[in-house]
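Subject: Structure handover

Hello,

Here is the structure you asked me to pass on. Please load it before you read the notes.

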Amino acid sequence: MIRIRGEKDLGIGAIYLALGLVGFIVARSYSFGTAGRMGPGYFPTIISALLIIFGLVTIAKGFVRDGERIGTINWKGLTLVTLSVCAFGFLLETAGLAVALTALILISAAGSERFRLEMKPLIGLVAINIFCLAVFVGGLGLPLPIVGEWFK
């Protein structure tokens, strides 16, 4: 008889595996390309494959090593993180990347019991915004609006 020794490892491994499989299946409909000339399916396929590998390793760890039991579900955190992703998707085109990132970070951070809106987190918020704008818009040249239609 197989005994589960780490419920949290088994649970998170199953989530990684499920997300990786779904991403891999969806990415199959896009052209893959090569490492030098990546197609739209390249990045999702690689990330999905990594999720599948991490999921399998974590599931195996749940059977081999003792770990924590699964406790109660943090419904507040789960709800706010989900809401933050939805807000990001809604705000990206209408308000722009800077506002969408700010909403994503603040709403998801509010899901933590330890989050306080103080100077240090605000500096981190500004730094993450600048980093993401520099990397995704400046460096990679993604056609994301920095400022959306609402502010023009």
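Below are my notes on the model, from the whole chain down to single residues.

This is a predicted model: local features need pLDDT of at least 70, side-chain atom pairs count only at pLDDT 80 or more, and totals for chains, interfaces and linings use all residues. Residues are numbered from 1 along each chain as its sequence is written, and side-chain values use heavy atoms, with hydrogens and water left out.

**Overall fold**

The protein chain has 5 helices and 0 strands. Both are DSSP runs numbered from the N terminus: helices are H or I with at least four residues, strands are E with at least two. The order from the N terminus is α-α-α-α-α.

The radius of gyration of the protein chain is 19 Å, whereas a compact globule of 152 residues would have one near 15 Å. That radius is taken over C-alpha atoms, and the globule rule is 2.2 Å times the number of residues to the power 0.38. Along the principal axes, the C-alpha atoms fill a box of roughly 65 × 45 × 25 Å.

**Packing, surface and charge**

Of the 152 residues, 23% count as buried. Buried means under 20% relative accessible area, exposed means over 50%, and partly exposed lies in between (1.4 Å probe, protein chains only).

Now the contacts, meaning heavy atoms within 4.5 Å. Among contacts with a separation of 6 or more, 68% come from residues 24 or more positions apart.

The accessible surface is about 10,800 Å², and carbon and sulfur atoms hold 72% of that surface. The areas come from the Shrake-Rupley method with a 1.4 Å probe; for residues, only the protein chains shown count as cover.

There are 13 positive and 8 negative side chains, and the centres of the two sets lie 5 Å apart. Lys and Arg count as positive and Asp and Glu as negative; His and the chain ends are not counted. Each charge is placed at NZ of Lys, CZ of Arg, CG of Asp or CD of Glu.

**What the record says**

UniProt (unreviewed entry) places "domain: DUF1468" at residues 12-145. UniProt positions are in the numbering used here, feature names are shortened, and annotations may be inferred rather than shown by experiment. Over residues 12-145 the model is 70% helix and 0% strand, with the end C-alpha atoms 34 Å apart.

Residues 85-110 are 92% helix, and their end C-alpha atoms are 13 Å apart. Residues 122-147 are 69% helix, with end C-alpha atoms 20 Å apart.

**Single residues**

Start with glycine 13, in helix 1 (residues 7-27). Glycine 13 counts as buried because its relative accessibility is 0%. Beyond four places in sequence, glycine 13 touches Gly55, Thr58 and Ile59. Glycine 13 and isoleucine 59 are 46 residues apart in sequence, yet 4.8 Å apart C-alpha to C-alpha.

Alanine 95 lies in helix 3 (residues 75-95). Its relative accessible area is 1%, so alanine 95 is buried. Alanine 95 touches Ile146, Val147, Gly148, Trp150 and Phe151, leaving out residues up to four places away. From alanine 95 to glycine 139 the C-alpha distance is 21 Å, across 44 residues of sequence.

Tryptophan 75 is also in helix 3. Tryptophan 75 is exposed, with a relative accessible area of 55%. The C-alpha atoms of tryptophan 75 and glycine 111 are 8.9 Å apart, with the residues 36 apart in sequence.

Glycine 139 is found in helix 5 (residues 119-139). It is exposed, with a relative accessible area of 61%. The C-alpha atoms of glycine 139 and alanine 27 are separated by 24 Å, and the two residues are 112 apart along the chain.

Best wishes
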